Amino acid sequence: MDRLKSLVKAKRSWAWHDLLAYETPKRVRIRDPAIGLLRLVALLGAFLYFVVWRLYFDRAYLKREPAVAVIQTSLKEPPSLAPPSSLAYCSGTAKEPALTNLDCRTGDKSWVAAPSTGGEDLFVGTRFAGSGPAGEQTFAFVQNPEAYYIQVAFSLEALSLHRRMPDSPLYVKSIEDVESALVDEEGHEYPKAVRREGRFDTFKVSTLLHAAGVPSLDEPHPANDEVSMRYDGLVVLVTLFCPMDFSGTVEKCFYRARTVPWAVSDASIVLPAGGSEERRGVKFVFKVDAEMGAFDFPTLLVAWVTALALVAIASCVIDTLMRCCLPFKDIYRMLLVESSMSFHDLRGGSKRAAAAVARLRAERAAEAGEAGAKSPTTMTPAGSASTTPRSTPNRATAPPAMTPHLQQPPGGHGWSHPQAFYAHPAGYMPHSGGGLLAVGGGMSPAGQHFPQQHFEQPPSPVAPPAPAHVTDSQQMDGGPMYRQRAPEALSDPNF
């Protein structure tokens with residue numbers, strides 16, 4: 001028990017450089033091209049994710065901030081309007097009547113756009129309901145509202161970034177500083193659909209409706225297929241999308257339009273002469289989707305750590321496949337998993353666990369090159385510990401040296417006096433004097449076969465007379481049989 005405590009609680013002399021030691025996980029190199037190719041694919045995927053997606057497309061090195069927008073809208077009259085006789089939705093038309101037909105009327109642009117206020121919402125009337133001379137309610141369509149022009153002006157600003165860098169022009173943009181274009185729902189650009197007129201972007205109502213997926217206002221309304229969209233009205237959401245470039249600012253914006261499903265647009269205005277008028281039409285709602293950003297190292301570090309996490313996850317998946325699924329999984333498991341001695345046996349005083357601890361300490365000390373390091377401890381056939389080199393000797397060279405031990409013979413064969421034993425890979429060899437020693441063939445504890453050999457040995461430290469009752473048939477503690485021969489008896493095969 002004292003020996004066990006000395007092994008478990010062995011003292012170690014610490015030096016100042018031990019406090020500055022660097023600890024790192026030990027890695028196992030698996031020389032398998034299939035596993036290496038699998039890991040290379042995982043590393044390539046993580047690299048492409050970080051460089052191509054996160055850095056190039058997502059601008060992961062920039063700290064983002066939503067841009068605040070100010071939008072102004074107005075309606076511009078066209079040079080001329082199509083006559084009512086050429087419009088299918090007007091009564092008395094020369095064309096095939098539309099789904100809904102009413103009289104057509106017109107007015108100036110403020111009447112068509114009423115009740116718009118010039119903000120981010122623009123109302124374009126398509127139908128109105130008024131009172132006749134006798135007080136009856138009359139309905140009429142607005143003549144050719146698709147021919148009018150919509151004008152939009154906007155400015156963008158990242159408030160926090162502009163406050164931090166007030167002299168930088170990157171975080172304050174007006175419509176003159178950016179290009180603009182109109183795209184459909186799939187992102188296809190309409191060539192020359194947007195004209196820049198002073199500080200306004202100008203495009204036709206019909207063009208914007210077509211980009212939203214409405215080729216004609218005379219088609220049935222999704223909410224009520226008995227009337228047309230011209231009769232009930234609809235809502236079109238126009239998003240001003242301004243992608244951020246590599247420097248963190250915006251250089252080009254895109255108008256994207258889409259209809260709001262099952263929505264109708266109605267309004268009511270007060271007439272100058274008194275009374276009110278109910279109106280239906282197309283309500284254009286303009287919104288801005290824009291971000292600006294500045295370089296930020298912590299943001300870049302988060303993206304880098306995410307990529308490293310992907311590599312770690314890929315390595316964990318590969319290790320799991322190697323241990324559980326792939327061919328040769330038992331060999332992979334032996335290489336990847338290293339088991340320690342049983343600490344339960346060590347606490348219980350097991351000699352085998354104590355010897356394993358001593359052997360492990362000797363190995364670590366030998367690998368570190370520490371002064372006074374002993375060779376790893378091995379167990380002899382009798383169960384006692386001895387220090388022997390771990391490397392297997394070359395069979396072509398002389399046999400390994402044998403160390404004398406003064407102790408009782410293993411197994412207790414009735415010898416009443418100390419006997420000299422020599423530790424040999426084949427087992428203990430009793431020897432009490434000089435001369436030739438014949439070692440019988442046998443199997444070592446390490447599983448190595450040794451044929452019968454003759455070695456010249458130095459005199460043992462103690463040379464008591466050999467016991468007469470030991471015969472050739474006796475075995476010592478389950479090990480091979482040994483006997484001493486005189487030099488002159490080597491030629492006698494019957495000895």
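**How accessible is Tyr56: buried, exposed or partly exposed?** Tyr56 counts as partly exposed because its relative accessibility is 45%, and partly exposed covers the range between under 20% (buried) and over 50% (exposed). All views below show a predicted model.

**View 1. Tyr56 and Phe246 form a tilted aromatic pair.** Searching the whole structure gives 7 aromatic pairs. A pair of aromatic rings is described by the distance of the centres and the angle of the planes. For Tyr56 and Phe246, the centres are 5.4 Å apart and the planes make an angle of 50°. The pair links distant parts of the chain, 190 residues apart: Tyr56 belongs to helix α2, while Phe246 lies in the loop between β12 (234-242) and β13 (252-259). Phe246, with 42% relative accessibility, also counts as partly exposed.

**View 2. Tyr89 and Phe141 form an edge-to-face aromatic pair.** Here the ring centres are 5.7 Å apart, with 85° between the planes. Tyr89 is in the loop between β2 (68-76) and β3 (103-105), and Phe141 is in strand β5 (residues 137-142); the two are 52 residues apart. Tyr89 is buried, at 3% relative accessible area, and Phe141 is buried, at 0%.

**View 3. Ile150 and Phe284 lie in the largest nonpolar core.** In soluble globular proteins, nonpolar side chains tend to be buried together. This core has 48 residues, among which Ile150 and Phe284 touch the most other members. Strand β15 (residues 276-295) gives the most to the core, namely 6 residues. Leaving aside residues up to four places away in sequence, the contacts of Phe284 include Leu122, Ile150, Val205 and Val238, and also Glu120 and Asp121. A second, separate core of 7 residues includes Tyr89 and Phe141, as well as Leu102 and Cys104.

**View 4. Helix α7 spans residues 297-324.** From its first C-alpha to its last, this helix of 28 residues reaches 40 Å, close to the 40 Å expected at 1.5 Å a residue. An α-helix has 3.6 residues a turn, so residues three or four places apart point the same way. Within α7, the buried residues include Ala303, Ala307, Ala314, Ile318 and Met322. The buried residues of α7 pack against α2 (33-57) and α8 (329-336).

**View 5. Arg127 lies over the face of Tyr231.** Arg127 is 4.0 Å from the centre of the Tyr231 ring.

How values were computed
Residues numbered from 1 in each chain as written. Predicted model: local features only at pLDDT ≥ 70, side-chain atom pairs only at ≥ 80, totals over all residues. Heavy atoms only, no water. Core = buried A, V, L, I, M, F, W, Y, C linked by side-chain atoms within 4.5 Å. Buried < 20%, exposed > 50% of the residue type's maximum accessible area, 1.4 Å probe, protein only. Helix = DSSP H or I, 4+ residues; strand = E, 2+ residues; numbered from the N terminus. Contact = heavy atoms within 4.5 Å. Expected span 1.5 Å × (residues − 1). Phe/Tyr/Trp six-rings, centres within 6.5 Å; stacked < 30°, edge-to-face > 60°. Lys NZ or Arg CZ within 6 Å of the ring centre and 35° of its normal.
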